[in-house]
Amino acid sequence: MSKWENNVRRVVPYVAGEQPKNQPDMVKLNTNENPYPPSPKVAEALQKIPTDDMRLYPDPAATDLVNAIAEQYQVKPSQVFVGVGSDDVLAMAFQTFFNSDKPILFPDITYSFYDVWADCFRIPYRQIPLDENFAINPADYAQENGGIVFPNPNAPTGLALSLDVIEEILRSNPDVVVIVDEAYVDFGAESALSLLGRYENLLVVQTFSKSRALAGMRIGYAIGNEKLISYLQDVKYSFNSYTMNRTSIALGVAAMEDEAYHQQIVQKIVETREWSKEELKKRGFHFADSSSNFIFARHETIPAKELFEALREKHIYVRYFNKPRIDNYLRITIGTREQMQKLFDFLDRYITAKSV
């Protein structure tokens, strides 16, 4: 090994879901993308963007986008922070708020970027085991720590916490920042935003990638106490002043302002999810009651890895995690009803062939 490698920061990177090349028969249910297009107002806004402006730097404060988010959630613009997807926002939050010698806490089965960021930023951490039903026990977080982060609903399980449970965690941890990662909240969980007035250490993070169908634009945001947001801004401007490009800002505003369309596509996904739960049960699958845009399921007889590989051969993509406790589960994103029917048709053929 070369001597210069002694000074290299080594981490085990996050592995994103497979992004296969588009094929005519492909059914892509592996990365929790929205199966519907973004608001028509996004397409209109895109047509109006002057290309000559691309030679100019964007607004470093992303003022128009911040104002649109603040208006939607009835908070002050000074309570809103935006970044390049919620991953960027969360990474900034880790760097800003998790600087104690004490370990931060997050579930052992959760968004797998948390331990990657902790390793990358040299943040000590402790993974708190979910119970046998994959649920978070708030009492487990009533211990000395340097901060707390968890998704609601959790990923990849899809289970949602009640506001009472979230508040119990907040009450037990007044001296550290508690981050609630709400990437999937619009599909069936109750947002912790209503708790902001009572807990100045609460930071709520959301994204345009899921329910607003703009994963390709990379827009995320945090809402919290003005003091928290000012600290986040300081770190951002110490890293990169221009994190949001002009196109993302304009399209984000358009998407945020079309709440009627947003609710319409969320309702479609929720209805398809509930129908899919019944269809999976008919085919011998077991799962927790998801409040997200995916279902985390295992089959009663067929190993998850076998099903994952068989589906992939037919260009039907779901997510498989080769990790302890969850290596017999598949995470199945909710697509359109037609996409889900293709999945079920394949499962019918495969399960029937296995039983012969």
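**The largest pocket and its lining**

A: The largest share comes from α4, with 3 residues of the lining of the largest pocket (helices, H or I, have at least four residues and strands, E, at least two; both are DSSP runs numbered from the N terminus). The model is predicted, so local features need pLDDT of at least 70 and side-chain atom pairs 80 or more, while totals for chains, interfaces and linings use all residues. Residues are numbered from 1 along each chain, and side-chain values use heavy atoms, without hydrogens or water.

The lining of this pocket has 47 residues. A pocket is an open set of points on a 1 Å grid over the protein atoms alone, where a 1.4 Å probe fits, with protein on both sides within 12 Å along at least five of seven lines; lining residues have an atom within 4 Å of a point. Nearest the centre of the largest pocket lie Y14, V15, Y111, S112 and R319. Two or more lining residues come from each of α3 (85-97), β3 (104-107), α4 (114-120) and β12 (319-320). Of the residues in this lining, 22 are nonpolar, 12 polar and 13 charged (Asp, Glu, Lys and Arg count as charged). The space in the largest pocket is about 1200 Å³.

The second largest pocket holds about 260 Å³ of space. Its lining has 14 residues, and I49, D64, R246, I249 and A250 lie nearest its centre. Here α2 (63-73) and α7 (246-257) each supply at least two lining residues, and α7 gives the largest share, 5 residues. The lining of the second largest pocket divides into 9 nonpolar, 1 polar and 4 charged residues.

Methods:
Points joined across faces, edges and corners; volume = space filled by probe spheres on them.
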